[in-house]
Amino acid sequence: MSTSSPAPPGVAFDVRRVTKTFLADNQVVTALAETSFTVPAGSFTCIVGPSGCGKSTLLRILGGLETPTTGSVRTAAGGAAFVFQEHGVFPWFTVEENVAFGARMEGMGRAERRELARHWLAQVGLADFAQAYPHQLSGGMRQRVAIARAFATGWPALLMDEPLGALDAQTRMLMQELLLTLWEAERKTVVLVTHAIEEALLLGDRVLIMTARPGHLKEDIEVPFPRPRSSQIEATAAFAEMRGRIWASLRDEVSAAAVAP
Amino acid sequence: MTAVPAAAPVVPDEVGVAIDAELRAELRRRRRDVVLAAATPMALLALWEIGARTGAIDPLLFSPPSAILARGVELTLSGELILHLLATVARLVVGFVAGAVAGIAVGLLMSAIRPVRAALDLTFTALYALPKIAILPLLLLIFGITETPKVLAVAIAVFFVLQINTLAGYKQIDPRVLEAARAYGATGWKGFRYVVLPAAMPAVFTGLRVSAGMSVVVVTAVEFVASESGLGYLIWNSWQLFQPERMYVGLIVVSALGAALTGLLLGLERLLLPWRRSTPGRRRMRKGVR
């Protein structure tokens, strides 16, 4: 990642004219057209966009898992922890070992790691499952493990790639409330990629809408709802109005993506 | 999905009774399965015994089980059987361990270091196609009729299975798991130790089980032609001397040996890969209901 200089104070990510092209089947594919934005430290940013618009690629670039083809990303010191949609937790480690994995890689001792894991497992309601293996848990519980693991790193930024995308609707609602509570307590910088407009509005301070591929930023919308929030805001007229506005913007892009070759 | 297991609810009587009946029915079905599984071989043995005694099948070729058992006891008491068994076990264990260790090591090196993989993959794949037993004459030519070619034949057979399975285990690792590892700082040796190695282990154990059966075949075949001891020799020699009962004893012991080796590996797998075991939660739940 081209982090020649750190981000200015108060900024978690400073994305400047980033593009991403790669080679697939001997064809040059532009995953991401020129995109620029900044993410203030301690803010919750949601990215929505049609399938294949490059929003996951963008997230990976933010986290340093991929390098931009052109442009630069400046990142605040301290690192960013990922929450993936699925397959992110390691099946050969117990729940506790998974949660403390980042700390283990940084060389934290066993007793300390155990304490750290216990703390975060309690936060996500899995205190009784420390010694279980992931295959013994439901999909929702596994995502709780993934979320606990990200928070347990203590890193200032969290990058979430559709963390709730594979869950059923009701589990998903519970998990949104969990994320809301955890975030409002911790105030880390979060960038969350999602398909669900409601999720973006419920959780985010701000929603970035991306265009169909090659994706770039189409709109940057402030979410005005006061915190602490609860899922009850979804019943308000203001929420419905914002959802309608975002969908109107997103709709063209989704239909463009649907008929793209 | 619940985050916290609820305290055991007070179960109304009739529900408890219904669950109990259901559990008892399931236990009955399981007992029946065990009885049926045991009954089939017993029935076949009984048929064999009756057939051989009444002359329905030629008792010279198909010795009755009772005669085989008697011969087995006799061979055991005389010490002959133990001697052959130990000779085979020694070759099998040394060859298997040497071949497995080398195969896993090379497979891991090929996984971790791309140039090693590029250099060896094609050659080993081509060599794998060679029937391992076919190189025994060459080994005999090189080493003479000593223990070395026998052990080596087993080791070579096991080596290729393990090398290929270990590498396949690496290749099938979900790229998303590797990405998660990288995202959490597991790179280089740490990534190998904590992610690649455990992720490849199930395939390694599959290789161990496959090669266990194969190694018994190879050691037996080697002992047929190039040995004066071992279970393979016992079987072959019984044919030459026309002693079918002795041959059956050899066959039974060699199968038991194969089964024991496979069982041992399964036990080892359960011990080393606890995360592959089926959920203990289910057992706990059943106990809770009782």
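1. B:Leu61 sits in the loop that links helix H1 (13-54) to helix H2 (65-78) of chain B; helices here are DSSP runs of H or I with at least four residues. At 45% relative accessibility, B:Leu61 counts as partly exposed, because that class lies between buried (under 20% relative accessible area) and exposed (over 50%), with a 1.4 Å probe and protein chains only.

2. Please keep in mind that this is a predicted model, where local features need pLDDT of at least 70 and side-chain atom pairs count only at pLDDT 80 or more, while totals for chains, interfaces and linings use all residues. Residues are numbered from 1 along each chain as its sequence is written, and side-chain values use heavy atoms, leaving out hydrogens and water.

3. Chain B has an average pLDDT (the predictor's confidence in each residue, from 0 to 100) of 90, and 91% of its residues score at least 70. Within chain B, helix H3 (residues 80-112) has the highest mean, 96, and helix H11 (residues 280-289) the lowest, 42. Where pLDDT is low, the predicted coordinates should not be read in detail.

4. A:Phe90 touches residues of both chains, among them A:Phe101, A:Pro134, B:Val177 and B:Val195, leaving aside residues up to four places away in sequence; contact means heavy atoms within 4.5 Å.

Note on methods
Chains are lettered from A and ligands numbered from 1 in the order in which they are written. Helices (H or I, at least four residues) and strands (E, at least two) are DSSP runs, numbered from the N terminus.
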